[in-house]
Amino acid sequence: MIDLDDTDRKLLRALSQDATQSAGALGRRFGLSQPAAWRRIRRMQEAGIIAGRRLVLNKEALGFGVTVFLGVKLATKGRVSLEDFERAISAIPEVQTVEHVLGLYDYRLRVVARDLADFERVLRRRIMTLPGVGNVEANVLLSEERRPGPIG
């Protein structure tokens, strides 16, 4: 792990809000030259602090107006392997994230759908038919606020 100074943290906060910003623009914003900003960013990438950059799609603009979080408890009878379940659930395009968790459920899924009727179709025809699926609990997302989280 590398030591991060205040400028490194400012760069990380700025990139977490908009990863498309250039090193030149970030340098001007924080009183650095373009090469100095680029070297700092590169150092944090090489250290694994910056693990990648992602494209964030607007689900609503693409026609997916409903997001549902599912808690999935695998059935104990005819126990299916975790790898088999993860492979099968990951093949469903509407499932955006698959998280293996500790608690009441074995998995937490983030599922998008065009509307509630479309979600019901995905749930009944794709998710509930997978081998090993036991109890399922659905929570419909009403609103979301994304926060970058702590930065050192």
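Predicted model: local features only at pLDDT ≥ 70, side-chain atom pairs only at ≥ 80, totals over all residues.

Colleague: Which residues of H2 are buried?

Modeller: In H2, which runs over residues 23–30, the buried ones include Ala23, Gly24, Leu26 and Gly27. They lie on the same side of H2, because they cover an arc of only 165° around the axis.

Colleague: And what follows H2?

Modeller: Glycine 31 comes after H2, and its phi is positive, near 75°.

Colleague: Switching to the sheet, in what order do the strands run?

Modeller: The open sheet has 4 strands in the order E2-E3-E1-E4, with antiparallel pairing. Strand E2 (95–100) and strand E4 (133–140) are the edge strands, each pairing on one side only, and the twist from one strand to the next averages 20°.

Colleague: What packs on the sheet?

Modeller: H4 does, touching E1, E2, E3 and E4, and its direction makes about 165° with that of E2.

Colleague: Which residues of the largest nonpolar core touch the most other members?

Modeller: Of its 20 residues, those are Leu70, Val72, Phe85, Ile89, Leu109, Val111 and Ile127. Strand E1 (66–74), helix H4 (82–90), strand E3 (107–113) and helix H5 (116–127) each supply at least two residues of this core, and the largest share, 5 residues, comes from E1. There is also a second, separate core of 10 residues, which includes Ala14, Leu26, Met44 and Ile50.

Colleague: Where does valine 72 stand in the pairing?

Modeller: Valine 72 is opposite tyrosine 107 in E3, and E1 and E3 pair in the antiparallel sense over 7 bridges.

Definitions and conventions:
Residues numbered from 1 in each chain as written. Heavy atoms only, no water. Core = buried A, V, L, I, M, F, W, Y, C linked by side-chain atoms within 4.5 Å. Buried < 20%, exposed > 50% of the residue type's maximum accessible area, 1.4 Å probe, protein only. Arc of directions from axis to C-beta. Pairing = 2+ DSSP bridges. Axes fitted to C-alpha atoms, helices over the stretch in contact; angles between N-to-C directions. Contact = heavy atoms within 4.5 Å.
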